[in-house]
Amino acid sequence: CPVTANGTSSNPIKLTPANSDKTVTFGKNTATTTTILNYVTFEYGSTILMYGNSNSKITNCTFTTNAQFVTNGEVKNCNFQKIWNNGAAKISYCNISDIFRAYNSNTPYNINYCNFTLIGSGIKFEQMTSGNVDATNNWWGTTNSTTIQSYIRDAGSLVNYSPYATS
């Protein structure tokens, strides 16, 4: 069963859970669920959990809480406070103001043309032992490669971050 919420730039959809300490879940199964979200603002809640197959598209959305993706679809032009990726979404042109976490996946990750807007924010990998990460063309708040490398934690040798944006 597809999940679709399609707002506009002048009239975004705002979703606010009734109970701010609950997880809000969209979709059920990554193999069969297509999640299409455009211009949706997710407010509060402990976690927004998104499922979706490779046809899923999450664009122009704002997450003021922890967002967790279990999808290999596309995430583009979004603003994140915190983001967890349990799948292998193709993430591009996003603003990330805290740590991007990739968790327990050996499939390739793509996170490109994003801005890590909080000094010291970066990518953290948990329980990831193989695979590769294309983290090229991101702005890390610096052009110092040693500093950028320090923002990549736990599996830094699996991450290709060069070339990186210079502004």
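Which residues is phenylalanine 63 in contact with, leaving aside its neighbours within four places in sequence? The views below take up this question and others. The model is predicted: local features need pLDDT of at least 70, side-chain atom pairs count only at pLDDT 80 or more, and totals for chains, interfaces and linings use all residues. Residues are numbered from 1 along each chain as its sequence is written, and side-chain values use heavy atoms, with hydrogens and water left out.

View 1. Helices (H or I, at least four residues) and strands (E, at least two) are DSSP runs, numbered from the N terminus. The protein chain has 167 residues, and 46% of them are buried. Buried means under 20% relative accessible area, exposed over 50%, and partly exposed in between (1.4 Å probe, protein chains only). The chain exposes about 8000 Å², with 46% of it supplied by carbon and sulfur atoms. Those areas come from the Shrake-Rupley method with a 1.4 Å probe; for residues, only the protein chains shown count as cover.

**View 2. Phenylalanine 63 in the largest nonpolar core.** Phenylalanine 63 is in contact (heavy atoms within 4.5 Å) with Phe42, Ile48, Met50, Ile58, Phe69, Cys78, Asn79, Phe80 and Gln81, leaving aside its neighbours within four places in sequence. The core has 36 residues, and Phe63 and Phe80 touch the most other members. Strands that each supply at least two residues of this core include strand 5 (40–42), strand 10 (79–85) and strand 13 (100–103). Strand 8 gives the largest share, three residues. A nonpolar core is a set of buried Ala, Val, Leu, Ile, Met, Phe, Trp, Tyr and Cys residues joined through side-chain atoms within 4.5 Å. In soluble globular proteins, nonpolar side chains tend to be buried together.

**View 3. Strand 6 pairs with strand 3 and with strand 8.** Two strands pair if DSSP finds at least two bridges between them. Strand 3 (residues 23–26) runs parallel to strand 6, joined by four bridges. Here valine 24 stands opposite isoleucine 48. Six bridges join strand 6 to strand 8, also in parallel. Tyrosine 51 faces valine 70 of strand 8 as its opposite residue. Strand 6 is mostly covered, with five of its six residues buried.

View 4. Two bridges link strand 17 (residues 133–134) to strand 19 in the parallel sense. Aspartate 134 has asparagine 160, in strand 19, as its bridge partner.

**View 5. Isoleucine 36 in strand 4 (residues 35–38).** Isoleucine 36 counts as partly exposed because its relative accessibility is 28%. Alanine 5 is 31 residues away in sequence, yet the C-alpha to C-alpha distance is 6.4 Å. Leaving aside neighbours within four places in sequence, isoleucine 36 is in contact with Val3, Thr4, Ala5, Asn55, Ser56 and Lys57.

**View 6. Threonine 142 in the loop between strand 17 and helix 1 (145–150).** Threonine 142 counts as buried because its relative accessibility is 17%. Its side chain reaches the backbone nitrogen of asparagine 144 at 3.1 Å. Threonine 142 also touches Thr147, Ile148, Tyr151 and Ala165, not counting residues up to four places away in sequence.

Methods: Polar contact = N/O pair within 3.5 Å; in protein donor to acceptor, adjacent residues only side chain to side chain.
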